[in-house]
Amino acid sequence: MATLDALKLALRRQLKAPASPEHHPLSEEQYSAGFDILAQETSYEDFVIPTLSQLLAPLFDSRIRVSVLEIGPGPKTVLGHLPDHMRKKIIKYTAFEPNSLFATRLEKWLCPEPPADPPFSCLHNPPAIHRTPFTADMADTFTNDSGDSPRFDLVLFCHSMYGLHPKPAVLRRALSLLHDDDHHHHHPSSPPPLAVVIHRAGLFSHLYTGGGDGLVAQHTATFLAGVVRVADADEPLDRFAAFVAGCAAPDSDTLMKWRAVCRALGRREGVAQVKLVFAAPTVMAAFAPHAATALAALAAAEVPLLLPSLRESGSGDADGGQGRAVKNVEARARRPAAIARPTAVAHVQACVRWALRCGVGLTVVGGGHGGQCLWSGVVGVDMAAFDRVHVLPAGYCGGEGQDSGPLVVAGAGCTTGHIIRSAMAAGLTVPLGARPSVGAGLWLQGGIGHLARLHGLACDAVVGAVVVSVASGEVVVVGCVPSEYWPAGAVRVSGSESDLLWAIRGAGTNFGIVISVTFKAYAAPTYSVRNWVVPLSDRHEARRNLADFDRLVAGQLPRRCSADAYLYWEDGNLRLGVTMFEVSTAGTGCETHGCTPPPELESVAAILGPQTSSQKLDSVGVFDAEMYISGIHGGHGSGKTSSFKRCLFLQHIGDASIADILAAAMESRPTPLCYIHLLQGGGAVSDVPAGATPFGCRDWDFACVVTGVWPREQDGAEAARAAVAWVYKVAGELLPLSRGAYGADLGPDPRDAALAARAFGPNLQRLARLKRLWDPQNVLRYACPLPRAPMEPRLIVLVTGESGAGKDYSAAVWVSWLTRRGYEARAVSISEATKRAYAAATGADVDRLLRDRAYKEQHRSALTAFFQDQVRQRPRLPEEHFLEVVDGAAGVEVLFITGMRDEAPVATFSRLVPQSRLLEVYVKARDNTRRARGAQGCSSEPDPARSNRHRPGLVFDNDAAGDEAARAFAEHRLLPFLDEDLQRLAAMVRPVPGFPRQGIQFRHVLGIAQQPGGLALCAALLERHFTGRWAAVDAVACCEAGGFVFASALAARVGVPLALIRDAGKLPPPTVSVAKSPSHISSSASGHGDSEARIELERDAVPRGATVLVLDDVLATGRTLCAVLRLLGEAGVPPEKVSVMVVAEFPVHGGRELLRQHGFGDVSVQSLLVFGGA
């Protein structure tokens, strides 16, 4: 399967001299026919649309209005696929579409006949479609009414830069049409305007040829899995070939040759209707206005730089100008904007500060093995100069004044082999990886080597580090770093140091540019290395041998031994290769020299047969003992092959489900050189708790490295693409059966998304929060991605209150406060849609409605009447507005929604977002304070905080000047809802699908009490989260059985007596009782949802008029709580004296709304956990 670029070259080679593409241009009809075929390629649906929406979201969120210039949109702009709330912000649309057929179709699509709705409903003027090409020198022909070139927030080259030459000059012209960063509607901290180019993967080869030096991308994304399909019939092939070639066929002979080329290079797919498939790798690159001048600023900081033109001209180093030789095939194929070669820490700081000023990303080159160390359009920072190793003896006084064992301090430019050699000279070693040329990316993201079972992973040996913060450019020291290895000006971080050290030990490539790492060292071992090769006749024999190897060989080895296995094909047969590494040191119970073979070898020989080789090696020699380096296929270590790999963690590799996948994978290998490597885990690796480091995948027996290999001379050819596709296919089949994936190989490639989601075990949410704290601008955006947890926000705060009380101001303070603490927070007004509609209907100034308080107050009454009229016509309009706001906040952790007009909004909206916690905060202020802020009619609005209709979750008194009170409120009342202890508690609630019947996703909330420390944790959280005063609570009322469990622990903790509520007949008289409908789960189990029982309470259990806290395990439908509140009323306790707390709430069942309908809306209801489903 050839790429479209390869097909283009092959087609053009068939043109006979003197024919050339320029002599036979495509007609508009030919271009349109070919374009329609290409428009169906998979990259649009799978990559372009979702990636563009994500890329543009910050830009659109930061602006009230957006103006767009699209170059070559074709018959329909891709912007029509943006979410509705984004499209409504587009008020100006201009396009250059030289194909008149496309231009006509585009105009009809943008301005459809009624009743169809236009895609951009808020345009101030009709779209301007220029039926001419966009050129680099069009300043005189493209002007606005004042004679100047117009300015835009977004310039989009959607369907590539097809036919635009020279591409660097065209892009620079597009950049000149972007608004200046200080444009009147661009807030100072907002994302800059962008020029976005969607092109074939060779975009940067075009941009960095012929004057493209200096173009730095704000963001680049690639989609290498895109394909285009064309029917294998003469007519569609003729249209397709002409479009790809960029010219019409000059004669029938050429047409026949083009058909043959397409059929020879395309992959055939289907039987009845055969299609030819071609690879269509795509890149999306975004450039800010300063893209063309950014590198000059970095050069001015005297950072040594290597530019693309120097690499192309050979003026760089002999290695192609990339510093240390880059070994990763993905990275070698990319075209970085420049490579910085810092020789001092100050150079690294300059790179970071430059990236922060320009809003661009950086990549880091360590050993050159990582697929993300170079990225097209991005500046790479080559750390090769930081290559010093310092070995410190045991008892050395560390940087914190404490004695330590032996330490090794290694610069980030060191390789594993360099560190091991230096440590061996002192009789020491560090448990690093198995390849001598790998660098810091390995140690910072895991590091699985031959000492892993004895001493743990490489990241487990990290005890300290020196890091250049990508949040500030400061040099930060964390953990144990001897003082003499602190760079000048380095500082310790107070408070959050432990978080940063934790993050570095397993996800370090995401959190800063590491200058040096301090390792814990161990006594240098010797290795006894023994090899076996077992021929396998078929899949059944492969399964049996893998099971025997797993259970009888690897499963029986002591920690000082590890056994790796290889599945590979050689000489026409599938083979199982096994290498056993036995570690001999004084500390393992075996003398360093003359160690006798372990007794397990006898059983190994009985299973695997006689050894094929054995040798005794030191820590350096063992590098070359790897079977894939010196054994299979004649060895893979000489640079004659390229490879691509992904790693998953497996248990029980002999199970049929796993063994069959492995054997089938080897049968389907696309090249003879592909293999699967199984590295043994367990031992010290699994001793470390999953949350002790970011490397949360600990409970595995083998790391399964699926490795696609091809000859180096076939880089970029079909063999390479097939091998990569094979790796992803096998990894995808193993992923559901795995214990997780290895993050060290992964990057922002969409194909890695599912693997990255499993890369950190239970630590993902903590890492995401720390990423926002330590890399708030996402400078290291090309490292292993940290996928966001749920798309819905964790916490949605509905900010209600009186006019002039300062709702928007308070929300802005809370957003700022949370953002500084690493949470991604945003404030949005739900009334913006109403204001826009009102302005369109009445002619009011929408900008002033959104920004000018006095102007908004003038229209308040009319706005209210307009909204009420809209709701009468569309009763579900408030829900629509709410969901639009939430959908527009994808990836936001805490969302503040202002402009709420709904009574009891939590009860109204919580069922719409069942995965999120909704909280109402009512903002209030005295009448004179509100009048001073411009509010009108201050005494006319009731105070829901004192209303009997509903009680808000929290009330904020905003009378004081300044933001100190708002910040204190955020810290003491809002932050507890983001407590990591709540996440720990939620992890104890086990989902049970299909219980008590199919269709229900049961959550075993009572299971918390069965977890070690679970009940104590739950009681502590209930005590901390209660918004009332414990001293005022007279009793804790609870129902059997779940309420008894949690209420008993809480009551004992706070010293308040229990009031027990039981089924009728279970308490001694006298009692009071009421009827009770069955709970959601009880009715689901019995199938009789309408039957009623009675519950009762001892008459004197609570005094009349007492203050009572009702505690239950679950709030779902609310039927049980309604009965409890009625029962307390019978006992003389009115609703205003009652508060409710539940351990878990299931909003989808509308429990709060039921309470409100039954007259209990003024009862405070708090829940610790919120779950979707049942």
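Student: How many helices and strands does the secondary structure of the protein chain come to?

Tutor: This is a predicted model, where local features need pLDDT of at least 70, side-chain atom pairs count only at pLDDT 80 or more, and totals for chains, interfaces and linings use all residues. Residues are numbered from 1 along each chain as its sequence is written, and side-chain values use heavy atoms, leaving out hydrogens and water. Helices (H or I, at least four residues) and strands (E, at least two) are DSSP runs, numbered from the N terminus. For the protein chain, the count comes to 40 helices and 44 strands.

Student: What share of the residues in the protein chain is buried?

Tutor: Buried means under 20% relative accessible area, exposed over 50%, and partly exposed in between (1.4 Å probe, protein chains only). Of the 1174 residues in the protein chain, the buried share is 56%.

Student: Which residues have the most contacts inside the largest nonpolar core?

Tutor: A nonpolar core is a set of buried Ala, Val, Leu, Ile, Met, Phe, Trp, Tyr and Cys residues joined through side-chain atoms within 4.5 Å. The largest has 173 residues, and helix α23 (residues 718–734) gives the most to this core, with 10 residues. The residues with the most contacts inside the core are Phe287, Trp354 and Phe519.

Student: Nice! Which residues does Phe519 touch?

Tutor: Contact means heavy atoms within 4.5 Å. Leaving out residues up to four places away in sequence, the partners of Phe519 include Pro406, Ile419, Trp443 and Val463.

Student: Why is the pair of Tyr31 and Phe35 stacked?

Tutor: Rings of Phe, Tyr and Trp (its six-membered ring) pair if their centres lie within 6.5 Å; planes under 30 degrees apart count as stacked, over 60 as edge-to-face and the rest as tilted. The structure holds 28 aromatic pairs. In this one the ring centres are 6.4 Å apart and the planes stand at 15 degrees, so the pair of Tyr31 and Phe35 is stacked.

Student: Where do Tyr31 and Phe35 lie, and are they buried or exposed?

Tutor: Both lie in helix α2 (residues 28–38), 4 residues apart, about one turn of the helix. Tyr31 has 19% relative accessibility and Phe35 has a relative accessible area of 8%. Tyr31 therefore counts as buried, and Phe35 is likewise buried.

Student: Which parts does the pair of Phe47 and Phe223 tie together?

Tutor: Phe47 and Phe223 form a stacked pair, with 5.4 Å centre to centre and 10 degrees between the planes. Both residues are buried. The pair ties together parts that are 176 residues apart in sequence, because Phe47 lies in helix α3 (residues 42–61) and Phe223 in strand β6 (residues 219–223).

Student: Which residue lies over the face of Trp502?

Tutor: A charge sits over a ring if NZ of Lys or CZ of Arg is within 6 Å of the ring centre and within 35 degrees of the ring normal. Here the distance from the ring centre is 3.9 Å, and the residue is Arg766.

Student: How are helices α8 and α9 oriented to each other?

Tutor: Axes are lines fitted to C-alpha atoms, for helices over the stretch in contact, with angles from 0 to 180 degrees between N-to-C directions. The axes of α8 (residues 234–245) and α9 (residues 252–265) come within 9 Å and cross at roughly 90 degrees. Angles under 35 degrees count as roughly parallel, over 145 as roughly antiparallel, 65 to 115 as roughly perpendicular and the rest as oblique, so α8 and α9 are roughly perpendicular.
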